[in-house]
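Biologist: I have a new model open and would like to learn how to read it feature by feature. Could you walk me through it?

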Amino acid sequence: MRLRNGTFLTVFFFGLCGFISLSWYTAYSNPKGDVVDIYQREFLALRDRLHSAEQENLKRSKELNLVLDEIKRAIAEKQALRDINHTWSSLSDETKLKLWNVTSKNVLQLPSIFHHLPHLLAKENSLQPAVHVGQGRTGVSIVMGIPSVKREVHSYLTDTLNSLMSELSSAEREDCVIVVFIAEADQQYANSVAENLKRLFPNEIQSGLLEIISPSINFYPDFSRLKESFGDPKERVRWRTKQNLDYCFLMMYAQSKGTYYVQLEDDIVARPNYFTTMKNFALQQPSEEWMILEFSQLGFIGKMFKSLDLSLIVEFMLMFYKDKPIDWLLDHILWVKVCNPEKDAKHCDRQKANLRIRFKPSLFQHVGTHSSLAGKIQKLKDKDFGKQTLHKGHANPPAEVTTSLKTYQHFTLEKAYLGEDFFWAFTPVAGDFIRIRFFTPVRIEKYFFRSGNIEHPGDKLFNTTVEVLPFDNVQSEKEALKDGREKTPKYHRTEDGFIRIGMFLNGIAEGEVDTTFGPLEAIRLSVLTDSPVWVILSEVRLCVSSIRLFCLCQGSSSSYRSS
């Protein structure tokens with residue numbers, strides 16, 4: 001019992017001494033603070049760092065999962081193609097390229113547009129058209145591309161489209177696509193041009209003949225870093241560089257739509273029968289070795305390419321789009337393909353002539369004087385285009401023609417009506433008119449009036465109506481001026497008895513005459529508002545129902561050919 005008590009006291013004594021020693025050491029080693037607080041702060045800091053690391057790890061994990069999903073999807077698609085007995089050779093080149101770059105284990109990767117324009121990777125929609133109007137027609141013979149930019153003085157785009165479309169027959173309209181590329185990143189401007197074209201050419205857009213596109217605002221690179229070259233100032237270098245990219249965008253869009261692609265500009269006029277002439281010339285080539293068929297000697301106008309060659313051309317242009325203008329680059333492509341450095345220049349020219357074939361006479365003429373490069377005036381004319389047709393004549397019914405407009409020199413209204421020349425007059429004002437009064441009342445089935453011509457495309461009739469005066473006014477009002485059970489007016493009648501049946505749109509007025517009007521005594525063109533320009537009437541065509549076949553066969557307007 002004494003031993004146990006002694007042992008207990010001994011243990012108790014040593015424990016008490018240890019506690020006192022520990023307390024003394026703690027107080028001595030940290031006299032100014034509490035060690036628990038230090039440990040707590042370090043622990044909290046460690047916890048925050050672990051949390052941040054965890055969040056970063058989750059972010060990287062999600063990114064890796066997305067990449068893995070894309071790889072799995074590509075592999076699954078490739079495997080699915082194999083499962084349905086599709087061989088690698090049956091896939092398109094574009095699909096092959098995508099599958100190769102995604103699934104191949106090789107280190108080497110095939111180049112793409114992003115190698116030349118890496119800024120496109122920053123935005124997903126950089127290669128998607130911002131404006132896209134049309135029916136997406138494909139499978140045609142010829143696709144015509146027209147880049148158009150904002151001009152400081154005057155736009156020739158609508159005149160160009162009118163010229164191209166007016167020379168197409170109904171069959172030709174079904175075998176081509178005209179693509180207007182509004183080459184501006186200004187979305188508001190692109191939309192305004194598109195809306196104007198939709199208003200002027202609704203039928204052409206609805207039928208699939210006309211398409212309108214514009215680039216994404218993210219398509220163009222930063223032009224401020226371009227270097228001056230060949231003695232050109234920075235503004236001109238920027239202009240030609242952007243122009244090269246415009247051609248690339250247009251060609252990439254058009255390459256899958258047709259067999260041939262024709263590059264045009266927005267300030268040209270076309271020769272009659274140009275479409276069939278181009279198509280036949282391409283089909284009649286003895287060899288498929290050609291690369292460019294030229295239908296104009298000027299610049300980049302009227303240049304035809306095989307759609308299969310567009311990928312090669314675009315790739316070459318993208319490699320050097322900052323270095324040289326488009327016409328130089330095209331010549332370099334031909335040089336690379338056929339010229340032998342050990343031969344002289346004459347030998348090279350002969351070889352290139354096999355790839356670049358010229359058609360004469362030219363099918364397109366340049367009419368613009370104000371370049372897309374600000375401040376530049378260019379009066380380029382294609383000498384091989386030949387004499388321009390400034391008017392078109394037709395066999396119209398005998399009539400007396402009068403006008404309140406002041407005639408310029410010898411360009412009289414009578415000559416225009418007889419098809420001998422065009423009518424040219426000074427600036428019209430509100431209230432001016434052109435009247436055709438028939439010697440005997442006739443039944444007019446269709447009418448066509450064209451204002452302006454190739455040399456003066458802007459001298460058009462604006463805000464001008466087409467009016468008819470029926471021989472039997474009482475009967476015509478009873479039959480034609482009422483519409484349906486409500487007896488609402490179908491046509492507007494003027495104070496002097498004329499009935500308004502049509503209006504000039506973009507310089508042209510055409511349409512059919514209601515048969516209930518019966519024989520007509522007169523037709524009148526009435527100017528409703530003051531015009532800013534002179535006026536030219538270059539074509540007058542009145543189809544009389546009793547000679548319908550003659551009328552349809554003699555004219556050149558597509559509107560009547562298609563009837």
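Modeller: Gladly. Let us begin with one side chain: Arg240 is buried, with a relative accessible area of 3%. Keep in mind throughout that this is a predicted model.

Biologist: Which residue forms a salt bridge with Arg240?

Modeller: The idea is to look for a side-chain nitrogen of Lys or Arg within 4 Å of a carboxyl oxygen of Asp or Glu. For Arg240 the partner is Asp232, and the closest N and O atoms are 2.5 Å apart. Asp232 counts as buried too, with 17% relative accessibility, because the cut-off for buried is under 20%.

Biologist: How many salt bridges does that rule give?

Modeller: The count comes to 21.

Biologist: Let me try another pair. What do Arg356 and Glu294 tie together?

Modeller: Their side chains meet in a salt bridge with an N to O distance of 2.8 Å. Arg356 sits in strand β9 (residues 356-358) and Glu294 in strand β7 (residues 292-294), so the pair ties together parts that are 62 residues apart in sequence. As for cover, Arg356 counts as partly exposed at 24% relative accessibility, while Glu294 is buried at 12%.

Biologist: And Glu174, is that residue buried or exposed?

Modeller: Glu174 is exposed, with a relative accessible area of 54%. Its salt-bridge partner is Arg137, with 3.8 Å between the closest N and O atoms. Arg137 belongs to the loop between β1 (131-133) and β2 (140-148), and Glu174 to the loop between α6 (170-173) and β3 (176-182), so this pair ties together parts that are 37 residues apart in sequence. Arg137 itself is buried, with a relative accessible area of 11%.

Biologist: Now the sheets. How should I read strand pairing?

Modeller: Strands of a sheet pair through backbone hydrogen bonds, in either a parallel or an antiparallel sense. Take strand β5 (residues 258-263) as a case: five of its six residues are buried. β2 and β5 run parallel and are joined by five bridges; in that pairing, Met144 has Val262 in β5 as its bridge partner. β5 also pairs with strand β8 (residues 303-306), in the antiparallel sense and over four bridges. There, Gln263 stands opposite Lys303 in β8.

Biologist: What is the strand order in the open sheet of four strands?

Modeller: The order is β12-β22-β14-β20, with antiparallel pairing. β12 (423-425) and β20 (508-512) stand at the edges with a single partner strand each, so one side of each has no neighbour in the sheet. From one strand to the next, the twist averages 20°. For a closer look, follow strand β14 (residues 444-451), which pairs with β20 in the antiparallel sense over five bridges. Lys446 has Glu512 in β20 as its bridge partner.

Biologist: Turning to the surface, which residues form a nonpolar patch?

Modeller: Val67, Ile71 and Ile75 form one, with about 230 Å² of accessible area together. Ile71 is found in helix α2 (residues 35-83) and counts as partly exposed at 31% relative accessibility.

Biologist: Finally, what is the overall picture?

Modeller: The secondary structure comes to 17 helices and 22 strands. Of the 563 residues in the protein, 43% are buried. The protein exposes about 31600 Å², and carbon and sulfur atoms supply 56% of that area. Among contacts between residues at least 6 apart in sequence, 75% join residues at least 24 apart.

Technical notes: Residues are numbered from 1 along each chain as its sequence is written. This is a predicted model: local features need pLDDT of at least 70, side-chain atom pairs count only at pLDDT 80 or more; totals for chains, interfaces and linings use all residues. Side-chain values use heavy atoms; hydrogens and water are left out. Two strands pair if DSSP finds at least two bridges between them. Helices (H or I, at least four residues) and strands (E, at least two) are DSSP runs, numbered from the N terminus. Axes are lines fitted to C-alpha atoms, for helices over the stretch in contact, and angles run from 0 to 180 degrees between N-to-C directions. Buried means under 20% relative accessible area, exposed over 50%, partly exposed in between (1.4 Å probe, protein chains only). Contact means heavy atoms within 4.5 Å. Accessible areas come from the Shrake-Rupley method with a 1.4 Å probe; for residues, only the protein chains shown count as cover. Patches are made of residues with over 30% relative accessible area and no salt bridge: like charges are joined within 9 Å, nonpolar side chains (Val, Leu, Ile, Met, Phe, Trp, Tyr) within 5 Å.
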